[in-house]
Amino acid sequence: MILINEHYLKLKSSYLFADIARRVTSFQEKHPDMEIIKLGIGDVTLPLPKACLEAMHKAVDEMGKSETFRGYGPEQGYAFLREKIAEFDFQARGAQIEPDEIFISDGAKCDTGNFQELFAQNITIAVPDPVYPVYVDTNVMAGRTGSFTNGRYEGLVYLESTKENNFIPELPKTPVDLIYLCFPNNPTGATITKEELKKWVDYAHEHKALILFDAAYEAFIRDEDLPHSIYEIDGAKEVAIEFRSYSKTAGFTGTRCAYTVVPKACMAYDQSGKKHPVHELWNRRHTTKFNGVSYPVQKAAEAVYSPEGQEQVKTNIDYYLENARKIRTQMQKLGFTCVGGENSPYVWIDGQMDSWEFFDLLLNKAGVVCTPGAGFGKCGQGFIRISAFNSHENVEEAMRRIEKALG
Ligand code: PLP
């Protein structure tokens, strides 16, 4: 008899965005003429930067000629891309990351989800609340939690991000081994300073813990003082893995390319306390279970670092940041307290009512779709997330409708 992995049965039955889609469909059926504006899911709307598109076209043509055709590539990624990443994303900011510490992949979702595989079953895991659900669900699937009761999984340590702590969680009160952090944060849009991040790096050193730092929204940072990478913090290379993605940076959500930084200095331990480089473990996993990203897509990603690519990416991100500014300003004008929307495409709004109630209110009265904060965890209750990924026109129209509905 084929038995299932029963840990899957612990997962919450429906996914947040499936619930949202159901409500939106039901509303649309009742109001077929209403044009719904979607500011919910964090998917980009602008097309690929021209530099990426041209590089991809050229690479596709190379694949069609025997002299330039390429078969299986290195699973870790082509040197041309890894070298650019090391130089532009890290060394230029004073972080000494080498090309062979970078693993190209098809997504930060997969990498943040898969990385836990390297570690023992009985480690203690700290996750933010509210949280990007992938960190939690992949640990549930791996059997590292108990059941889901009162909005939380037994066995996890929740790092609460609340108004009281300015949405930057405090260090755990009980020792933990694996810590997930995400800045600029999804869903709150909060950012972390170097001083605050240093506390986490010091904690990880003290407890021989590891930080999984998700920097998928790094490109939205405009404030000069904020760290773009955890490796800007002294000592981070020994205790932190960093995840980056071209999804939001360069509109690659449908094209798929991301990378994970695993410094060679980063160590984990066996039962006897002996050190093992995490780099070797991830390299083993990556080369066994992953085939590498296609050559044309890596060429498109490389073009992000060309002068034109840099300019075009900045223009696109500025476009979304302008939307975020409009959303934040308008919601504040209506009397709501907001976080994010600066250095982040997300605005986290204190709705002062149940999250789903606020969601329904915006959908039914304004035809605007947001994301209810409660879907991201207990601490998200009472909040909604509005995303800046849409056109200026749609965001302006959404804000006009919200003002009319709530004003
Ligand atoms: N990490 C965070 C915090 C995200 O919000 C997302 C996507 O929304 C991802 C990772 C996924 O990135 P990718 O498209 O590279 O899988």
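**Close-up 1. Helix α3 and the elements it packs against.** In this predicted model, helix α3 covers residues 79-90, twelve in number, and reaches 16 Å from its first C-alpha to its last, close to the 16 Å expected at 1.5 Å a residue. That expected span is 1.5 Å times one less than the number of residues in the helix. Helices (H or I, at least four residues) and strands (E, at least two) are DSSP runs, numbered from the N terminus. Phe-80, Leu-81, Arg-82, Ile-85, Ala-86, Asp-89 and Phe-90 of α3 are buried; buried means under 20% relative accessible area, exposed over 50%, and partly exposed in between (1.4 Å probe, protein chains only). The buried residues of α3 pack against β2 (102-105), β9 (240-245), α7 (246-250), β10 (258-261) and α9 (295-302).

Close-up 2. The domain assignment, automatic or from a database, gives domain 1 as 6-47 + 310-406 and domain 2 as 53-307. The contact (heavy atoms within 4.5 Å) takes 33 residues from domain 1 and 47 residues from domain 2. The C-alpha centres of the two domains lie 25 Å apart. About 3300 Å² is buried between them, with carbon and sulfur atoms giving 63%; this area is the accessible area (1.4 Å probe) that two parts lose on being put together, summed over both.

**Close-up 3. The salt bridge of Asp-318 and Arg-222.** The closest N and O atoms of Asp-318 and Arg-222 are 2.9 Å apart. A salt bridge is a side-chain nitrogen of Lys or Arg within 4 Å of a carboxyl oxygen of Asp or Glu. The count between domain 1 and domain 2 is two salt bridges. On the side of domain 1 that touches domain 2, α10 (307-333) is one of the elements giving two or more residues, and α10 gives the most, with eight residues.

Close-up 4. Phe-183 and Pro-184 are joined by a cis peptide bond with omega of about -10°. Pro-184 sits in the loop between β7 (178-182) and α6 (194-207). The bond from Asn-186 to Pro-187 is also cis, with omega near 15°, and Pro-187 has its place in the loop between β7 and α6.

**Close-up 5. Asn-150 and its positive phi.** Asn-150, not a glycine, has a positive phi of about 50°. Asn-150 lies in the loop between β4 (148-149) and β5 (152-153) and counts as exposed, at 68% relative accessibility.

Residues are numbered from 1 along each chain as its sequence is written, and side-chain values use heavy atoms, leaving out hydrogens and water. Local features need pLDDT of at least 70, and side-chain atom pairs count only at pLDDT 80 or more, while totals for chains, interfaces and linings use all residues.
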